[in-house]
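Hello,

Here is the structure I promised to pass on. Please open it first, then read my notes alongside it.

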Amino acid sequence: MSFPWAKPYEPQHPLMKWMDEKLPIPRLVYNATGPGYPVPRNLNYFWNFGVLAGAALMIQIITGIVLAMHYAANAGVAFNSVEHIMRDVNAGWFIRYAHMNGASMFFIVVYLHIFRGLYYGSYKAPREMVWLLGVVIFLLMMATAFMGYVLPWGQMSFWGAQVITGFFSAIPVVGEPVREWLLGGFVPDNATLNRFFSLHYLLPFVILGVIILHIWALHIPGSSNPTGIEVKDEQDTVPFHPYYTAKDGFGVGVFLLIFVALTFFSPNTLGHADNYIPANSLSTPAHIVPEWYFLPFYAILKAFTFNFLWIDAKLWGVIAMFASIALLFFLPWLDSSPIKSSNYRPLYRIFFWILVADVLLLGWCGMQPAEQPWVILSQLGAIYYFAHFLVILPIVSRIERPLPMPNSITEAVLAKHATDASSASATA
Amino acid sequence: MVRPLGFLVGLGFITALVLAILTTPLSNEPNVAHEFHKHPKHLKLASDGILLPHWDQAQLQRGMQVYKEVCSACHSLHHVAFRDIADLGYTEGQIKTFAKGFQVPSINPDTGEPATRDGLPSDYFPSPYANEVAARAANNNALPPDLSLITKAREGGKDYVYSLLTGFQNPPANLPADLKPGTGLHYNPYFANLNLAMAPPLTEGQVTYADGTKATVDQMSKDVTAFLVWTAEPKLIKRIQVGYAVFGFLLIFTVLTYLSYRNIWADKKH
């Protein structure tokens with residue numbers, strides 16, 4: 001679907017006409033990311049992150065396929081095969097560091113993408129399905145990243161697998177058998193490594209499939225925008241190409257600069273020293289810490305230290321950790337405010353920024369050993385996290401009085417330029 | 001329906017957390033070992049940083065000499081092949097001679113019996129022990145770790161390795177009895193639990209450097225640490241150099257994309 005004023009695809013060249021009759025891929029591209037797709041004219045830089053996440057996935061798939069040509073998924077040789085890639089494979093060090101840091105870059109842009117959605121209400125009608133598919137992608141990414149981290153078969157790989165599959169053993173009765181079934185044994189071993197490698201290769205393509213659905217669902221109503229007001233007529237929009245292809249091109253440039261700086265100049269900063277020690281089931285590292293992108297959830301897991309009702313603390317932690325992500329599925333219905341953009345929601349905006357600070361605090365606490373003050377800070381952080389989504393947000397969306405809103409995107413743009421111009425003339 | 005249910009679920013989690021806060025003591029168990037533990041000293045090497053780092057080949061050669069004459073008695077270097085030491089400035093002939101100085105495990109071509117032969121440039125540094133059991137048996141049940149990746153495999157990296165090598169000392173007088181080194185252990189405040197199975201490995205003048213550098217404990221520690229930075233990542237310098245080129249290329253690319261973005265949007269208010 002598109003807006004009535006979308007430019008129609010009219011192939012001129014006979015070859016393109018022939019192609020359009022047989023397999024209209026050029027038409028699809030033209031109408032999806034070309035001049036045939038009108039997009040709000042007022043998108044800011046936060047709307048770059050969807051394309052950047054796609055770029056990050058492509059980088060991961062390409063570097064990953066090359067790594068798989070040299071890596072051996074066997075507990076006896078996996079660690080050495082990674083060192084072989086680092087030392088003997090042509091540019092292997094680059095491919096491997098790019099894949100390692102590419103995962104971090106993928107999560108950075110996806111977190112910004114998610115928080116963009118939270119600030120600008122992108123999860124609200126008519127885009128609930130876009131949001132739901134996005135949460136599915138996020139879950140798949142987490143599973144893929146976790147299994148990928150196990151593959152080098154270092155100490156953190158092994159103990160990370162031990163701890164994370166251990167979550168399942170908290171489930172009463174079936175927990176322990178489920179864990180053994182997942183691992184293919186009583187502890188992570190060759191069976192685990194092999195299935196994780198197989199799934200780590202499979203899941204990115206599942207992610208790719210869900211991304212196609214995510215974009216498809218997005219293209220039905222079209223992109224949201226910083227005002228949260230839906231497109232009304234042609235002057236509210238510009239064609240995707242060349243306007244947003246150019247802007248995304250610049251975004252990709254900045255993304256690659258940061259990615260390259262990390263990969264070439266500081267590739268191990270976001271990793272753990274322990275993962276350069278081969279896996280050893282008899283020696284437990286002093287601090288088992290997941291990768292940085294899991295830290296807020298890890299802090300929530302560790303915050304539950306009290307056996308409450310008939311559920312013990314460990315199971316509370318596991319349930320809460322899964323719930324902290326699962327509640328995102330209900331967000332479109334937890335927030336009943338019809339106003340999308342936080343620019344016009346003075347009360348919600350405050351709580352949004354508290355949530356940002358809270359998630360950063362939880363991330364910091366997740367990195368720390370189980371000592372005070374980190375325990376109480378992660379407990380307070382977890383309280384706010386659940387309160388924000390399940391208590392505060394539904395109440396705020398009921399009692400809040402939104403700020404006056406412009407009538408259309410174009411009016412908002414022109415008003416912004418008028419104030420810019422008047423403040424410019426005032427200073428002049 | 002979602003909102004009332006969500007509210008109840010939220011209250012459940014919040015109650016569990018409030019009870020957790022009320023039942024968790026706010027003070028930590030005192031950790032005496034922490035007070036005696038020291039942060040690693042900084043070691044500056046030519047290969048540091050991103051501003052034109054390079055390998056100090058003379059230092060790496062001295063470091064390899066320390067490894068070969070001292071460390072290799074107990075520590076292996078699994079990931080390093082003799083051919084790799086070309087990075088240290090050795091010629092092909094020198095590498096062949098160096099490799100020949102090692103006996104590596106082999107098979108007698110006539111009988112198939114286990115045997116040894118002279119090393120070749122394609123061989124890896126041989127391990128001092130046949131297996132882990134032999135290594136532990138010879139070292140009071142402690143396992144000397146492989147050193148190939150040691151500067152990447154420890155918090156603090158090269159600083160930690162250098163500090164550990166120079167950090168052996170007598171235990172302080174106020175050290176609690178349960179933290180005093182037991183039999184076969186040696187006090188070192190840079191080591192995680194203060195007492196380490198490795199005896200102080202270096203003594204003044206232990207090696208004789210061909211280039212006349214005075215072999216103090218500090219000098220040998222610096223040299224062998226520099227060598228271990230190289231063994232952990234032989235491609236480190238190349239990585240930074242390629243990084244300059246890639247970053248520079250992308251910087252130009254990004255400036256061009258920015259200009260074309262501004263150009264395309266020039267007549268469009270947004």
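**Overall shape of chain A**

A compact globule of 428 residues would have a radius of gyration near 22 Å, and chain A has 24 Å, which agrees. Please keep in mind that this is a predicted model. The C-alpha trace of chain A spans about 70 × 60 × 50 Å along its principal axes. Chain A has 16 helices and 2 strands. Of its 428 residues, 45% are buried. Now take the contacts in chain A between residues at least 6 apart in sequence: 77% of them join residues at least 24 apart.

**Helices in chain A**

Start with α9(A), residues 190-219. How far apart are its end C-alpha atoms? At 1.5 Å a residue, its 30 residues should span 44 Å, and the ends are 44 Å apart, so the two agree. Several residues of α9(A) are buried, including F196(A), F197(A), H200(A) and H214(A). The buried residues of α9(A) pack against α3, α4, α6, α7 and α8 of chain A.

Next, look at α4(A), residues 78-87, and α5(A), residues 92-119. Their axes are 5 Å apart and meet at an angle of about 120°. The two helices are therefore oblique to each other. From α4(A), the contact uses V82(A), I85(A) and M86(A). From α5(A), it uses G92(A), W93(A) and R96(A). By type, these residues divide into 4 nonpolar, 1 polar and 1 charged.

F389(A) lies in α15(A), which covers residues 374-399. Is F389(A) buried or exposed? It is buried, because 23 other C-beta atoms lie within 10 Å and the cut-off for buried is 20 or more. Leaving out residues up to four places away in sequence, F389(A) touches L327(A), L331(A) and L334(A). Take L331(A): it is 58 residues from F389(A) in sequence, yet their C-alpha atoms are 7.5 Å apart in space.

**Backbone points to check**

Most peptide bonds are trans, and most residues other than glycine have a negative phi. Here are some exceptions.

- The peptide bond from A125(A) to P126(A) is cis, with omega near 5°. P126(A) sits in the loop between α5 and α6 of chain A.
- Q372(A) and P373(A) are also joined by a cis peptide bond, with omega about 0°. P373(A) is in the loop between α14 and α15 of chain A.
- V173(A) is not glycine, but its phi is positive, near 65°. V173(A) belongs to the loop between α7 and α8 of chain A. It is exposed, with 7 other C-beta atoms within 10 Å.
- L52(B) has a positive phi too, near 45°. Find L52(B) in the loop between α2 and α3 of chain B. It is exposed, with 10 other C-beta atoms within 10 Å.

**Where the chains meet**

How many residues does each chain bring to the contact? Chain B gives 48 residues and chain A gives 50 residues. On the chain B side, α1 (2-23) and α8 (236-265) each supply at least two residues. The largest share of that side, 16 residues, comes from α8(B). The chain B side divides into 27 nonpolar, 13 polar and 8 charged residues.

Best wishes

Definitions and conventions. Residues numbered from 1 in each chain as written. Chains lettered and ligands numbered in written order. Predicted model: local features only at pLDDT ≥ 70, side-chain atom pairs only at ≥ 80, totals over all residues. Contact = placed C-beta atoms within 7 Å. Helix = DSSP H or I, 4+ residues; strand = E, 2+ residues; numbered from the N terminus. Nonpolar A, V, L, I, M, F, W, Y, C, P; charged D, E, K, R; others polar. Rg over C-alpha atoms; globule rule 2.2 N^0.38 Å. Buried ≥ 20, exposed ≤ 12 C-beta atoms within 10 Å, placed from the backbone. Axes fitted to C-alpha atoms, helices over the stretch in contact; angles between N-to-C directions. Parallel < 35°, antiparallel > 145°, perpendicular 65-115°, else oblique. Expected span 1.5 Å × (residues − 1).
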